[in-house]
Amino acid sequence: MQRWTSKPLPLPVDPQAPYKRVDLEFEGVEHDGSSYVALVYLNNRRVDADTGRDPTKRFAAGFTVFAHGDCWGGDDHCKVPEPASPFDRRPEHRLTPQNITLDITDAVEALGDVDQLEVTVVATATIDSEDVLRFSDLSLVTYE
Amino acid sequence: MTVVAQAKGRRTRARLKLRRSATKLEDEWFESFRDVIKEALRRRDDRGYQYFAGWHGVPFGWCWHGDPRFLPWHRAYLYYFELALQDIDPDVTLPWWDWATSDDIPRAYALRRVGGKANPLFSVAIEPMTSRRDPSWPRRTSRAVGSVAITLPPPWRDRWDWAQQAPSFTEFDRRISLLHNNVHGWVAGTMGEVAWAAYDPIFWAHHVMIDRAWRIWQHNHPGARPPAEILDEPLEPRGMTVRETLDVKALGYDYAGTAARVPGTRPAGGG
């Protein structure tokens, strides 16, 4: 089990333009190695693999990363290359990191008046593996 | 159900083949289906089970996930695999696992043995078509159903409905991908990794259900398409374009809850 907690993300509240939807965007999610299930909690660090999808523990959303598994090729087979040239028309490498979007509107509304969110992710691999959760950035996006 | 299809320069009447729910198919049907799978396993060339299983992960790795090609590529994949099975039995189609309404893997895929023999829908040998072998590679498919306790268990009716309510292709793709990944994670074992998943026979029934979800969503969103920049892109390895995957009837199949047929005024074969 791996647990990760974000730095606080500001959640501006404008009474003149209230949000109608709130998304969390996990950017640059790597998906080599072991598949895993990730559960996302808001403003609650005291969660672990046994907490589950309990809204009273501020569970917001979950997702599964269906990952590649161990590399089956030769050296650098699973290394994502840069395009060889502007004329390189090959499709991108299959392990190019992905973005995962989660709609957390209901969970945010359940928190009531808060002006920032701290996101905790608990990731459990489908086979024994550590540090499966690897991504470049986390964004909080609201829509009016 | 018939459509007019273009075949080798002449117009001919072609009958669509209907895919059906695994939970509604009879034991006798699965008896024939198992024979087809056994024959596909015996074929050790580019018509056989191991070859097609290898498209997804080891050794070829042509599948797409987390990308707008996800649905088109897997539709083409099912199409070519189903044709390979129809080369063995022209009447066979790939059944779907209706995980929206059933709470377990269909019985036909869950039985270890049938009629005193190993069930090829439960587990098969993994023999990738490559000269490169690694001792760590699995030798047979296996499942670890529900082993990750926090994975949502079936039925996934609410997730199905949520996906069907998506207003655009991009949003449908996002929602159905999340559900698709959850199914792989719930079955786990061989199904839990891109590298090996397609070797497990339940993979095909799962992906037929995903393809069916897209088909039903298309019914309600006529004209909705993947992003324009990929429409004319050929999909590996056989070059079907994304655009060519959009119409299942043009590919010769459809999905049926029920289907009935009676002779018309000029029955087929009636002269």
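**View 1. A110(B) counts as partly exposed, because 14 C-beta neighbours lie inside 10 Å.** The model shown here and in the other views is predicted. A residue would need 20 or more such neighbours to be buried, and 12 or fewer to be exposed. A110(B) belongs to helix α4 of chain B, which spans residues 107–110. Leaving aside residues up to four places away in sequence, A110(B) touches D104(B), I105(B) and F122(B). V58(B) is 52 residues from A110(B) along the chain, and 24 Å separates the C-alpha atoms of the two.

**View 2. Helices α6 and α7 of chain B cross at roughly 160 degrees.** Helix α6(B) covers residues 169–187 and helix α7(B) residues 201–220; their axes come within 11 Å. The crossing angle makes α6(B) roughly antiparallel to α7(B), since angles over 145 degrees are classed that way. The crossing of α6(B) and α7(B) is right-handed.

**View 3. Residues of α6(B) meet residues of α7(B).** From α6(B) come F172(B), I176(B), H180(B), V183(B) and V187(B). Facing them, α7(B) supplies I202(B), H206(B), I210(B), A213(B), W214(B) and W217(B). By class, the residues of this contact are 9 nonpolar and 2 polar, with no charged residue.

**View 4. An open sheet of 3 strands in chain A has the order β6-β3-β9.** Pairing in this sheet is antiparallel. The edge strands are β6(A), residues 98–103, and β9(A), residues 137–143, each of which pairs on one side only. On average, and with direction ignored, neighbouring strands of the sheet are turned by 20 degrees against each other.

**View 5. Strands β3 and β6 of chain A pair in the antiparallel sense.** Strand β3(A) runs over residues 21–29, and its pairing with β6(A) comprises 5 bridges. Within this pair, E25(A) stands opposite T101(A), a residue of β6(A). In general, strands of a sheet pair through backbone hydrogen bonds.

**View 6. Chain A is in contact with chain B through 20 residues of chain A and 22 residues of chain B.** On the side of chain A that touches chain B, the elements giving two or more residues are β4 (36–42), β5 (59–65) and β6. Strand β5(A) provides the largest share of that side, 3 residues. The residues on the chain A side divide into 9 nonpolar, 10 polar and 1 charged.

Technical notes: Residues numbered from 1 in each chain as written. Chains lettered and ligands numbered in written order. Predicted model: local features only at pLDDT ≥ 70, side-chain atom pairs only at ≥ 80, totals over all residues. Pairing = 2+ DSSP bridges. Helix = DSSP H or I, 4+ residues; strand = E, 2+ residues; numbered from the N terminus. Axes fitted to C-alpha atoms, helices over the stretch in contact; angles between N-to-C directions. Contact = placed C-beta atoms within 7 Å. Nonpolar A, V, L, I, M, F, W, Y, C, P; charged D, E, K, R; others polar. Parallel < 35°, antiparallel > 145°, perpendicular 65-115°, else oblique. Left-handed = near helix turned anticlockwise from the far one by under 90°.
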